[in-house]
Amino acid sequence: MKHSEVKQQHPSLYLQVCFQNEEPRLPLHTSIALFLLSYCECKSFKVFLVFTKRASSQSLKSQLPEALELSVIQLEDLPQLVRGCRLPAVLDETGRLCRAGLAVVLRHIISKTLEAEPSRKDVLALLGFKKTCLKACAEVSKWTRLCEIGIPSAVEEHLKNPQNQYQQLPLSILTLERRLAEPVKVHNDDKIRRQKLQEQRQNGKNKSPEGQGNPDSESDPGASPQVCDGLELRAALAKLSVDSVPTLATRENSEIRKVKTTDLPPLEHVFAEGLYFTLTDVVLLPCIYQYLLSLQTHAVSTLLQLPHLLRWYRRVQEVPRVLQAAEACGMVLSVPRVPVSSLPGPSAEDNPSSLLEQEEGQEMTTEPPFVGGPRPTMTKLKENGIEAVFARHPCPAWTLPWDSLPGAINPTEGKMSNIRAVRKRQQLNNLVAMVTELARPGYTIVDFCSGTGHVGIALAHTLPDCQIILIENKEESLVRAQSRGAELGLKNIGFIQANLDYFTGPFHIGVALHACGVATDMVMEHCIQAGATFVISPCCYGFIQNAIKFTFPKSKRFQETLTYKEHMILCRFADQTAVQLPPERRLIGKHCMGLVDLDRSWAAEAHGYSVQVMTMEPESCSPKNNMLVGRLQQKSGLEAAASQLEAPAHN
């Protein structure tokens, strides 16, 4: 029996094994996941090493924690839902909910650890303040992208071609170095800074010779960990409930309380996100370990450019269980001994924020904000023969049989008001009508940005001969969608918690209801890459801005006519369609929506698509009532194969 057909007793964690010179090796994303499992002492998963070719895992034994039960599986034997995702990935016990991508999987490991051991405050602390560490997806968060993708990718590239990269630091590593040099802010910033000032005065450090005011300014970053006894480090370790670390004073004297906030000493970076040890440090440690190990072997002089990274690397080793977890994963941590006096400070031209922009291929804009209405821009477009055109809705009166549908499909099942629920049903009528017209038996249909599953669940019930996949980054929403699907007994539905980039499986139709801002463009791009038809209702035009993979305007004709600034005016006024606004302003807003979506449709047409921009019926169903329907003019291989099927495909 295939692994994909076996009912899972525990969540299954799938970790990639790659090959270099025909020898198996663990990519950094796998090493990071294993390190976290070891640090958390988590045994809630059945762990599979995924091989792309037949080989023994014996050579990897030193890097695999003995406490974990590990199995080997071939790529072709992966469950279907997992096979459509980038690894690492976790498949739940039902086999219908897959979590994919490094940050999502790591946060889930923490969640399962706490579920089994609620007293593990050190594990809870990994999620950071308000439990948001690495929660924002890499498509919208520069910091998540740097840690989850930028640094692991840069180190992997360095390890593949080390000789070509010793002369110049990877930009992502340099970005992290500069970030670690910045003072930090935390939610109880003022209190800790006053405690620091009090300690400085008590110890006379404010009068000490230059260089001694910093408790971490010892002459050697490889010195004994006990030397690092600064307030910031003690505060960080106290957060982890370490008994041997004295708690900080809770009350400052009256003289200290009178000091202005602006005169308080800044707090130094201790760990990657500031003062406290978080999941980000867990992600970075295996990466930096491999990078420093390579430099220490081949290019010690390069370490001179990384003083703050070396200090961070030493401090991480003082966190309880880090050394033990690292050793279990075959990492023998040590700090290269480089005299601090020879370490250069950051140069003025290496501004951290600008480096982060460069890392993501974006340009910093120094232009002042554009002031004025949309009329000049609309006139400019009209003079160049560009006007919004809306196609006729092919089935304006089509509706789902709401009165006879199971309750779990109806939007009123949530906390919506009756009025909003009526509008939501009308929106679903439009999207389901279009997808029903386009779908064929055996098709795979993906509901992107699915939320709690209004669209995907309605499609799964309406199209039982199609496979429906819901993709959503927010775990709470997807778990609710899965519960609704289970209540309905739907067998043709799967759920994936992941960023869009982590879904790589084939599909025929992509659908998204009110994908906000650039999410619409990301969904369109994903559909175009897959050669899939798309049915998308955009939203939040005012949030559109240049992103990692594309810039605005998108189409050649718009680029030749409008500047970025002028296009952003269209986007901003495209949001002026709320019912409480004057009719004339709503009309201008609708026209701006049409122009922004015309630019999007022309960009898709450059990839061989035929795109229609139409208005959902009735128009009152939503202030954002545009719908983009795009079909590849020449059938893709997937569409051609599916159209030949007379019976549903077994996925």
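A polar contact of 3.4 Å links the side chains of Arg25 and Gln20. Such a contact is a pair of N or O atoms within 3.5 Å; within protein, one must be able to donate a hydrogen and the other to accept it, and residues adjacent in sequence count only if both atoms are side-chain atoms. This is a predicted model: local features need pLDDT of at least 70, side-chain atom pairs count only at pLDDT 80 or more, and totals for chains, interfaces and linings use all residues. Residues are numbered from 1 along each chain as its sequence is written, and side-chain values use heavy atoms, leaving out hydrogens and water.

**Arg25**
- Arg25 lies in strand β2 (residues 23-25); strands (E, at least two residues) and helices (H or I, at least four) are DSSP runs, numbered from the N terminus.
- Arg25 counts as buried because its relative accessibility is 18%; buried means under 20% relative accessible area (1.4 Å probe, protein chains only).
- The side chain of Glu156 makes a polar contact of 2.9 Å with the side chain of Arg25.

**Strand β8**
- Six of the six residues in β8 (residues 467-472) are buried.
- Gln467, Ile469 and Ile471 cover one side, and Ile468, Leu470 and Glu472 the other.
- In a regular strand, side chains alternate between the two faces of the sheet.

**Neighbours of β8**
- β7 (residues 444-448) runs parallel to β8, joined by five bridges; strands pair if DSSP finds at least two bridges between them.
- Thr444 stands opposite Gln467 in β8.
- β8 also pairs with β9 (residues 493-497) in the parallel sense, over five bridges.
- Ile469 faces Gly494 in β9.

Technical notes:
Buried means under 20% relative accessible area, exposed over 50%, partly exposed in between (1.4 Å probe, protein chains only).
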